[in-house]
Amino acid sequence: MLVWKIGPASFTSKVHLFWGALAFWDCLLWPFLLPPAPRQSNVVNLEWGLLSYGDSLSFPGWCCLTGPSEDGGLFLSWGSLALPGSSTMFLLLPFDSLIVNLLGISLTVLFTLLLVFIIVPAIFGVSFGIRKLYMKTLLKIFAWATLRMERGAKEKNHQLYKPYTNGIIAKDPTSLEEEIKEIRRSGSSKALDNTPEFELSDIFYFCRKGMETIMDDEVTKRFSAEELESWNLLSRTNYNFQYISLRLTVLWGLGVLIRYCFLLPLRIALAFTGISLLVIGTTVVGYLPNGRFKEFLSKHVHLMCYRICVRALTAIITYHDRENRPRNGGICVANHTSPIDVIILASDGYYAMVGQVHGGLMGVIQRAMVKACPHVWFERSEVKDRHLVAKRLTEHVQDKSKLPILIFPEGTCINNTSVMMFKKGSFEIGATVYPVAIKYDPQFGDAFWNSSKYGMVTYLLRMMTSWAIVCSVWYLPPMTRETDEDAVQFANRVKSAIARQGGLVDLLWDGGLKREKVKDTFKEEQQKLYSKMIVGNHEDRSRS
Amino acid sequence: MGSRGSHAARIPDADSIRRETGFSQASLLRLYHRFRALDRNKKGYLSRVDLQQIGALAVNPLGDRIIDSFFPDGNLRVDFPGFVRVLAHFRPVDEDDSSMRDPKEPEPLNSRMNKLRFAFQLYDLDRDGKISRHEMLQVLRLMVGVQVTEEQLESIADRTVQEADEDGDGAVSFLEFTKSLEKMDIEQKMSIRILK
């Protein structure tokens with residue numbers, strides 16, 4: 001492979017990067033390619049911007065690319081482009097027709113350029129800035145779309161449905177005692193020297209509270225996708241179908257085309273590349289003898305593959321306070337919205353994963369990963385045994401050479417508007433806890449996995465056909481358990497810190513309410529509070 | 001794809017529901033969304049289980065009684081009109097309602113009388129129009145759970161019935177109930193305001 005430049009030496013750094021990337025990509029693929037029949041290629045035209053492809057039956061083809069340089073001069077390069085896809089194409093259609101050639105050329109160019117722009121920067125952690133531009137353009141389009149819909153609604157003299165994130169009813173945040181006292185005060189004509197024991201009107205408090213929860217409660221809405229205030233050109237988030245004008249429909253159709261025919265195949269190709277590189281890379285690293293070099297290599301293989309997966313989802317992530325990133329011997333806890341959280345965190349740091357052993361593709365990935373560096377995988381039967389789990393996790397954190405553990409204590413996916421109860425298991429271990437808050441911006445694609453509605457494959461497809469996944473990650477300063485705190489209080493303290501940072505609602509409810517009924521102990525608390533009001537006073541009365 | 005689309009025209013019998021309950025179009029839309037969110041299996045109606053799954057309702061001591069009020073006459077399902085009809089009792093009272101109302105039309109669902117009647121029905125299980133001492137005991141037991149002894153509860157129930165009972169029949173009728181609560185600001189205490 002040759003890369004040769006002629007012409008004025010002043011190029012933009014991005015062009016350098018492009019050629020470097022091309023060269024690197026080629027080096028990667030070299031072992032997989034047949035040695036080329038050394039034909040002189042049909043390099044026909046050296047005019048601006050023309051690309052010609054070599055002999056269609058041999059790959060890699062030789063390619064000559066020309067283009068303008070910054071100073072108006074000419075630069076000319078030789079390089080070789082090779083892509084498994086194009087070669088397959090030519091193997092299937094072994095005749096030299098013009099259409100096949102053109103198709104081959106365009107496919108090759110498209111995929112190679114895009115992959116080069118995406119995969120190689122991913123490996124080195126640099127960025128061209130394409131995604132930010134994409135985001136800005138999309139935002140402008142969404143704002144325009146919402147305006148059109150509002151106009152359409154006004155013409156028909158109707159109201160658009162606009163969701164409220166803070167609930168649809170006006171609520172008073174007063175306690176049980178205060179409210180009942182107020183009710184009694186407003187109804188009672190006698191002077192209140194000591195509050196009476198029971199009034200018929202007490203029932204109003206419970207009745208109204210009950211009705212309020214039927215109209216709007218804090219928990220039910222956390223298990224379905226967050227509702228958006230402006231439309232983002234995805235049919236899955238539109239509540240006001242009637243007001244779409246023709247122009248908007250055309251725009252939406254264009255969006256569908258782009259998302260399904262352009263972005264989706266690209267993303268699937270990237271995801272496939274990322275996962276296969278992960279499996280192959282970690283298996284290869286696993287054969288090395290244990291030592292510093294192996295650790296170094298395994299960390300970087302993991303990082304590289306996660307970065308490719310991040311690009312596969314077009315995830316635009318902003319990391320804040322990176323100096324607080326988790327260190328060895330610690331536990332990293334974060335709020336859980338989707339399985340993608342793992343990829344997002346692991347592409348910016350080195351973690352040891354914790355989870356159940358799965359079958360199928362996940363199992364293959366897990367087994368490969370654990371060869372390169374120690375992750376903690378539990379068998380299904382072991383998960384129920386809390387002591388065993390705690391023991392293994394404790395062993396892992398005590399070994400300072402092992403990477404920090406990544407855990408999601410909510411236990412289930414919540415829709416990213418709130419943080420629910422943290423299970424105390426990981427807080428009992430006694431290691432330093434590094435909290436991380438993850439907040440997604442649902443405008444570009446909602447990452448929440450509603451596991452009762454969608455399976456994993458459907459979910460991934462929905463992810464890959466959204467515009468992008470945009471999120472912010474905050475690394476919070478490490479926390480340790482105080483001497484007078486128990487595990488539950490410590491868990492709640494960490495949870496509040498995460499909720500505050502991410503701008504999420506801090507709820508005490510258990511995420512398990514998604515599937516199970518609430519425990520009776522909570523009802524007993526309410527009953528206790530109320531009984532104090534009517535019986536506590538009864539005792540006073542009998543004494544006086 | 002279109003499962004989330006919703007508009008007043010899509011709510012079945014929207015106009016008649018609006019007239020009957022007095023909810024505005026916007027409020028009705030919100031309640032319709034809520035109805036559909038609670039209806040997890042998209043059946044088109046709600047059953048007891050759907051309401052019991054609301055965590056905050058399950059911890060309410062009177063939760064079961066409140067759920068029962070949605071299923072009168074032994075029904076097992078409540079559709080959207082039935083759902084809204086019950087919730088209409090808690091609509092705040094507008095000032096213009098009472099002055100401009102045509103006396104021949106039936107009382108609006110959120111009038112003072114109807115709110116009181118709703119509360120009365122939470123006590124009066126057998127719907128005989130009277131709250132007996134036994135029914136009073138049952139409600140008290142629900143509200144305090146196991147925290148209070150039987151004797152204490154009985155004396156409370158006796159005292160309450162005695163205070164409210166005027167005609168000496170040992171039970172509290174609806175009129176006696178309203179009389180004992182005549183000074184109460186029912187309109188405010190039994191109202192839930194839906195945000196615009």
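UniProt positions are given here in the numbering used for this model, feature names are shortened, and annotations may be inferred rather than shown by experiment. This is a predicted model, in which local features need pLDDT of at least 70, side-chain atom pairs count only at pLDDT 80 or more, and totals for chains, interfaces and linings use all residues. Residues are numbered from 1 along each chain as its sequence is written, chains are lettered from A and ligands numbered from 1 in the order in which they are written, and side-chain values use heavy atoms, with hydrogens and water left out.

**Chain A: annotated regions**

Select residues 15-33, 75-95, 102-130, 241-262 and 269-288 of chain A; an unreviewed UniProt entry lists them under "transmembrane region". Helices (H or I, at least four residues) and strands (E, at least two) are DSSP runs, numbered from the N terminus.

A salt bridge is a side-chain nitrogen of Lys or Arg within 4 Å of a carboxyl oxygen of Asp or Glu. The structure holds 22 of them over all chains.

Select Arg85(B) and Glu20(B), whose side chains form a salt bridge at 2.7 Å, N to O. Arg85(B) belongs to helix α6 (residues 80-87) of chain B and Glu20(B) to helix α1 (residues 14-21) of chain B, so this pair ties together parts 65 residues apart in sequence. Buried means under 20% relative accessible area, exposed over 50%, and partly exposed in between (1.4 Å probe, protein chains only). Arg85(B), at 35%, is partly exposed, and Glu20(B), at 39%, is partly exposed as well.

Move to Glu187(B) and Arg112(B), which meet in a salt bridge at 3.3 Å, N to O. Glu187(B) sits in helix α12 (residues 186-189) of chain B and Arg112(B) in helix α8 (residues 112-123) of chain B, so the contact links parts 75 residues apart in sequence. Glu187(B) is partly exposed at 28%, as is Arg112(B) at 24%.

**Chain A: a network**

Return to chain A and select Arg208(A), Lys209(A) and Glu212(A), which salt bridges with shared partners join into one network. Within it, the closest N and O atoms of Glu212(A) and Lys209(A) are 3.7 Å apart. Both residues lie in helix α6 (residues 202-215) of chain A, 3 residues apart, about one turn of the helix. Is Glu212(A) buried or exposed? Glu212(A) is buried, at 4% relative accessibility, whereas Lys209(A) is partly exposed at 22%.
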